[in-house]
Amino acid sequence: MQALLPPSNNLKISHVPTRLTRVVPTRFAVVKCAYRSDAVHFHNGIGSSRADWQSSCAILASNVVSQQPQPPPDKPGTADHVASVNGHKTNVDLDLVPIEKLSSSSSADDKSCSPPPPPRALTITDLSPAPMHGSQLRVAYQGVPGAYSEAAAGKAYPKCEAIPCDQFEVAFQAVELWIADRAVLPVENSLGGSIHRNYDLLLRHRLHIVGEVQLPVHHCLLALPGVRKEYLNRVISHPQALAQCELTLTKLGLNVAREAVDDTAGAAEFVAANNLRDTGAIASARAADLYGLEILETGIQDDSSNVTRFVMLAREPIIPRTDRPFKTSIVFAHDKGTSVLFKVLSAFAFRNISLTKIESRPHRNRPIRLVSDSNEGTAKHFEYLFYVDFEASMAEVRAQNALAEVQEFTSFLRVLGSYPMDMTPWSPSRGD
């Protein structure tokens, strides 16, 4: 079968005999893409996900004609034949089902059995990207196995495939490059405060917040087997963990130096890998099990109500709803500095919208604003970006009206995400 070429001005028309020949039209079998709800298996290992099925259906939608004869009637749907799509041969079975075969097969066995149900048509749900994509969800986090971020990823997405990343920005890039489906990153702690690095990365990247999870943190002092805490000369951990355990380390009478590393589980891994008998690590009990360390002290955080808030990031936002509590995160700035902050906050106060967080960060593109005054000279003011979390869904009219008013006062406004609040109850950190 030859493909039809579009008309061209360069074509030369030659004289042909006037003898007319009756051409019998070729009968083409109409094909139909049947989306199966069960798993699809291909010989070359490609197309085992819903995304590949959607690609196959997109190909079939553009005048696809099979160049090979249909398989024998007694072996329908087999992948032993080689299909040809748009002139390209492939060993992938696309499950092309002729419509007349569907009708004939249903009438042939009418007396013996009931006709099989027709293939289910594709719906918008099938074409929209599902979170699981027919496979295990891949979630990126910063740290190594045993980190608290890994535990947060498991709490947010049970049975997920956790992907460790050495830096926060790598976790962002993993989602953007489709290496991971989600990222779970910390943004604030009840004792140590905000994690400013991730707030800056939220603005730099185009990912969307699709959820949050609050994880109680239980710190332990770890060391190599046989090492007593009196023998330690230094303790290493993440800066937040060191700040959260500063008072307890002093109460234990440990005259040790405190050194910061990238993450808590990485500190435990470093002590075990280098056989450091004079160094302790602050990490989780799971990190002790993973890296063969002993727990010298448990529950060494200064406050038992030690909770870290994580956000879940995705490439696409979720649809806001009103049937459950939602939270919305925004970031804004204004050319006139902080004088508009009161007006912005009033937009929420007048509509009875509660704010759960407000964070200011330096405006990297415009860190300083100069104000000329002939009498006073030149004044310098710092420029800030403001991150705000408020308890309302973007599906609510009051939230939409509030942001419409905020946009009048600001030169820059971006919605980072509108997502369900984490309403799961939690108890103070315990050693059990």
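Reader: What makes Phe 348 count as buried?
Author: Phe 348 has 1% relative accessibility, and buried means under 20% relative accessible area, with exposed over 50% and partly exposed in between (1.4 Å probe, protein chains only), so Phe 348 counts as buried. A quick note: this is a predicted model, where local features need pLDDT of at least 70, side-chain atom pairs count only at pLDDT 80 or more, and totals for chains, interfaces and linings use all residues. Residues are numbered from 1 along each chain as its sequence is written, and side-chain values use heavy atoms, leaving out hydrogens and water.

Reader: How many aromatic pairs turn up in the whole structure?
Author: Three. Rings of Phe, Tyr and Trp (its six-membered ring) pair if their centres lie within 6.5 Å; planes under 30 degrees apart are stacked, over 60 edge-to-face, and the rest tilted.

Reader: Why is the pair of Tyr 199 and Tyr 387 called edge-to-face?
Author: Their centres are 5.1 Å apart and the planes sit at 70 degrees, so edge-to-face it is. Tyr 199 belongs to helix H6 (residues 196-204) and Tyr 387 to strand S20 (residues 384-390), 188 residues apart. Helices (H or I, at least four residues) and strands (E, at least two) are DSSP runs, numbered from the N terminus.

Reader: How do you know that Tyr 387 is buried?
Author: Its relative accessibility is 3%, so Tyr 387 counts as buried.

Reader: And why is the pair of Phe 348 and Phe 390 called tilted?
Author: The centres are 4.9 Å apart and the planes at 40 degrees, so the pair is tilted. Phe 390 is buried too, at a relative accessible area of 0%.
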